[in-house]
Amino acid sequence: MFGYIQPERPHMFVKDEMLYKALYCGMCKSIKQGSGQMARTALTYDMAFVSALVHNLKNVDVVVKKRRCALHPLKRRYMALPDDTSVLLGCINTALAYYKLLDDKSDGDKKGLFAFLYKSGYKKTVKKHPVAARIISDQLAAQSALENEGCAVIDAACEPTARMMEKLSEYILGDKSDSHTCGLFYDIGKWIYLADALDDYDKDVKKGRYNVLYNAFKSRTKAQAVEQNEEEINFIFNALFADMRMHLANVKFHFNHDLTDNIILLGIPAKTRSLVYGRCGQGKKEEQYEQTQS
């Protein structure tokens with residue numbers, strides 16, 4: 001995962017902030033249990049969100065207790081205790097981090113040198129969850145093939161990552177999976193790929209690396225791409241958000257879902273605006289929008 005999935009904190013309830021942090025700390029413990037100590041360094045808030053969503057959809061209650069950790073040895077913190085679901089998610093997180101760093105290495109990025117840190121954890125994932133490991137390896141191989149071909153069709157380039165998330169959701173949720181849960185995870189996977197392309201646009205162009213948005217728009221900078229193709233970019237993301245809302249309205253939740261609603265309905269669009277326009281530009285666009293509505 002990439003760390004793009006974040007809540008809109010000004011609109012979070014205190015209870016959801018506490019749960020979010022507890023899930024994050026709990027995922028750290030779960031990664032250690034399933035993949036080993038070093039794999040904990042790959043943790044992002046993305047997986048805390050997935051943990052909240054999956055536990056709710058599976059009707060598996062999260063048990064939160066006060067515990068100490070290595071980073072905070074003097075003061076106990078609330079954390080979700082590891083369970084089968086969170087340990088599985090921790091294994092998937094490790095596999096995704098390992099492949100991300102291998103991809104960085106193939107791109108000549110120095111960060112790729114750290115892939116060895118997660119090799120042992122990845123092997124544990126293959127042993128414990130071979131189906132999940134195969135889904136990840138197959139879909140990322142398809143992703144790599146499209147990128148090596150220089151694919152310039154945005155929807156086509158997103159497809160392997162979207163399918164990977166869809167298939168992983170089927171594996172994780174089991175009999176709780178249906179067309180709407182799969183569709184929601186598909187949309188999230190597609191959004192993550194596009195968010196990463198936006199975030200890396202200028203860096204990829206500078207270093208001559210593949211970026212589907214550059215291949216599609218041929219603008220030398222992200223700012224130029226947005227200026228020249230703003231309507232198309234907004235259409236792509238607004239269509240994706242509409243699809244997320246449709247699937248979200250039709251999935252069956254077993255517990256309160258304020259936290260995941262905040263992230264999907266508010267956090268993801270807010271992060272998108274920030275990636276498209278930047279913080280200053282984002283404020284300008286929101287002001288322009290308010291003026292058109294008055």
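The expected span of a helix is 1.5 Å times one less than its number of residues. In this predicted model, helix α3 covers residues 84–106, which makes 23 residues. From its first C-alpha to its last, α3 reaches 33 Å, close to the 33 Å expected. After α3 comes Gly-108, with a positive phi near 85°.

Helix α1 takes in residues 14–35, 22 residues that should span 32 Å at 1.5 Å a residue. The end C-alpha atoms of α1 are 31 Å apart, which agrees. α1 is also followed by a glycine with positive phi: Gly-36, near 100°.

## Packing of α2 with α7

Two packed helices are described by the angle between their axes and the distance between the axes. For helix α2 (residues 45–58) and helix α7 (residues 179–199), the axes come within 13 Å and cross at roughly 175°. Angles over 145 degrees count as roughly antiparallel, and α2 and α7 are therefore roughly antiparallel to each other.

On the α2 side, the residues that meet α7 are Phe-49, Val-50, Leu-53, Val-54 and Leu-57. Their partners in α7 are Thr-181, Leu-184, Phe-185 and Ile-188. By class, this contact has eight nonpolar residues, one polar residue and no charged residues.

## Arg-209 in the α8–α9 loop

Arg-209 is found in the loop between α8 (201–207) and α9 (212–217). Its relative accessibility is 13%; the limit for buried is under 20%, so Arg-209 counts as buried.

Not counting residues up to four places away in sequence, Arg-209 touches Asp-107, Asp-109, Lys-203 and Asp-204. As for where two of these contacts sit, α3 ends at residue 106, and α8 runs over 201–207.

## Leu-266 in α11

Leu-266 lies in helix α11, which runs over residues 258–293. With a relative accessible area of 37%, Leu-266 is partly exposed, because that class lies between the buried limit of 20% and the exposed limit of 50%.

Leaving aside neighbours within four places in sequence, Leu-266 is in contact with Glu-8, His-11 and Asp-261. Leu-198, by comparison, is 68 residues from Leu-266 in sequence, and the two are 19 Å apart in space, C-alpha to C-alpha.

Technical notes. Residues numbered from 1 in each chain as written. Predicted model: local features only at pLDDT ≥ 70, side-chain atom pairs only at ≥ 80, totals over all residues. Heavy atoms only, no water. Helix = DSSP H or I, 4+ residues; strand = E, 2+ residues; numbered from the N terminus. Axes fitted to C-alpha atoms, helices over the stretch in contact; angles between N-to-C directions. Parallel < 35°, antiparallel > 145°, perpendicular 65-115°, else oblique. Contact = heavy atoms within 4.5 Å. Nonpolar A, V, L, I, M, F, W, Y, C, P; charged D, E, K, R; others polar. Buried < 20%, exposed > 50% of the residue type's maximum accessible area, 1.4 Å probe, protein only.
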